[in-house]
Amino acid sequence: MSETSGPMGRFERFLTLWVALAMIAGIVIGLLAPGLVTAIAAAEVASINLVVAVLIWAMVYPMMVGVDFTAVAGVARQPRGLLVTLVVNWLVKPFTMALLAVLFFEHVFAPWIAPEDASQYIAGLILLGAAPCTAMVFVWSQLTRGDATYTLVQVSVNDLIMIVAFAPIVAFLLGVTEITVPWETLLLATLLYVVLPLAAGLLTRRALGTTAKIEAFSARVKPWSMVGLIATVAILFGLQGNVILARPGLIALIAVPILIQSYGIFVLAYGAAYLLRVPHRIAAPCALIGTSNFFELAVAVAISLFGLSSGAALATVVGVLVEVPVMLSLVALANRTRKRFPG
């Protein structure tokens with residue numbers, strides 16, 4: 001998604017609905033054709049599911065084409081907004097998400113969640129917290145009349161940091177929560193779903209050359225991102241169908257810490273931007289990028305580390321389910337408070 005992406009389309013605006021329908025479809029398929037879902041789950045090489053790998057690339061690659069690392073030089077225009085983004089994304093958010101996950105699944109929800117299941121949900125939430133948004137933030141920025149070029153700078157710097165910081169942070173937090181960390185798989189997943197798509201996006205931009213060609217190409221491949229997401233969700237819920245039908249309240253339990261984290265991080269980042277007198281066109285996107293998640297990466301790594309039928313994968317998909325309505329509510333709040341910030 002490029003810096004000049006248009007307003008949120010119908011598909012993106014109703015993403016939560018499509019995800020919910022994909023969940024239902026997945027459960028139905030899992031009940032009616034369990035052999036199909038099992039065959040998909042068995043298509044693995046080195047702990048990487050081949051079918052899901054293709055779908056994740058369909059999700060991630062179109063986003064990476066829109067990332068222009070040459071825009072990083074623009075940070076000199078307004079360093080305070082980027083500072084807020086980086087502090088929240090890398091020094092606060094992963095750790096508060098891990099804290100909330102442990103609080104709820106080892107203590108508050110302990111009477112209803114088996115310990116082995118709790119550790120899986122904690123792992124999934126940690127993966128969500130450690131993956132800052134790289135694509136949908138362009139949509140949120142546009143809806144708040146944010147500075148598109150500066151938003152691109154924020155995303156580009158975050159992607160550069162993600163290359164080196166994502167795996168160590170995830171490994172540290174999983175280790176602290178006493179979850180076994182398969183380092184080889186974690187590094188392979190980071191390479192496969194972060195480094196290589198970024199490199200492919202950069203090569204694509206160079207091959208296309210002009211901004212007009214890049215935007216036209218991005219528009220053509222963008223629908224595949226949503227197709228990949230919906231298909232992945234359907235597969236996950238096909239494998240999780242029996243658990244979900246037996247425990248329908250489970251989705252709500254997983255959503256609780258995600259909701260608290262989302263609103264809490266927004267208040268922290270938006271408040272910091274306000275105190276630093278960051279202009280609203282930068283303050284709103286810098287708060288929203290910290291609140292939103294790179295859920296495509298979180299889903300991919302959860303599947304790689306713990307498997308398609310794992311509770312960790314389920315937790316990351318719940319993040320997808322709640323993301324859009326939460327972000328739209330925060331966009332509305334940011335727009336209502338615009339006049340409190342410098343122009």
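Helix 2 (residues 15-32) supplies the largest share of a nonpolar surface patch, 6 residues. Helices here are DSSP runs of H or I of at least four residues, strands runs of E of at least two, numbered from the N terminus. The model is predicted: local features need pLDDT of at least 70, side-chain atom pairs count only at pLDDT 80 or more, and totals for chains, interfaces and linings use all residues. Residues are numbered from 1 along each chain as its sequence is written, and side-chain values use heavy atoms, without hydrogens and water.

The patch covers about 680 Å² and is made by L17, L21, I24, V28, L31, L32 and L245. Patch residues have over 30% relative accessible area and no salt bridge, with nonpolar side chains (Val, Leu, Ile, Met, Phe, Trp, Tyr) joined within 5 Å and like charges within 9 Å. A salt bridge places a side-chain nitrogen of Lys or Arg within 4 Å of a carboxyl oxygen of Asp or Glu. Areas follow the Shrake-Rupley method with a 1.4 Å probe; for residues, only the protein chains shown count as cover. L32 lies in helix 2. L32 counts as exposed because its relative accessibility is 72%; exposed means over 50%, buried under 20%, partly exposed in between (1.4 Å probe, protein chains only).

V278 sits in the loop between helix 11 (250-275) and helix 12 (280-291). V278 is buried, at 0% relative accessible area. Beyond its neighbours within four places in sequence, V278 contacts (heavy atoms within 4.5 Å) R80, G81, A273, A283, F341 and P342. The C-alpha atoms of V278 and F341 are 7.1 Å apart, across 63 residues of chain.
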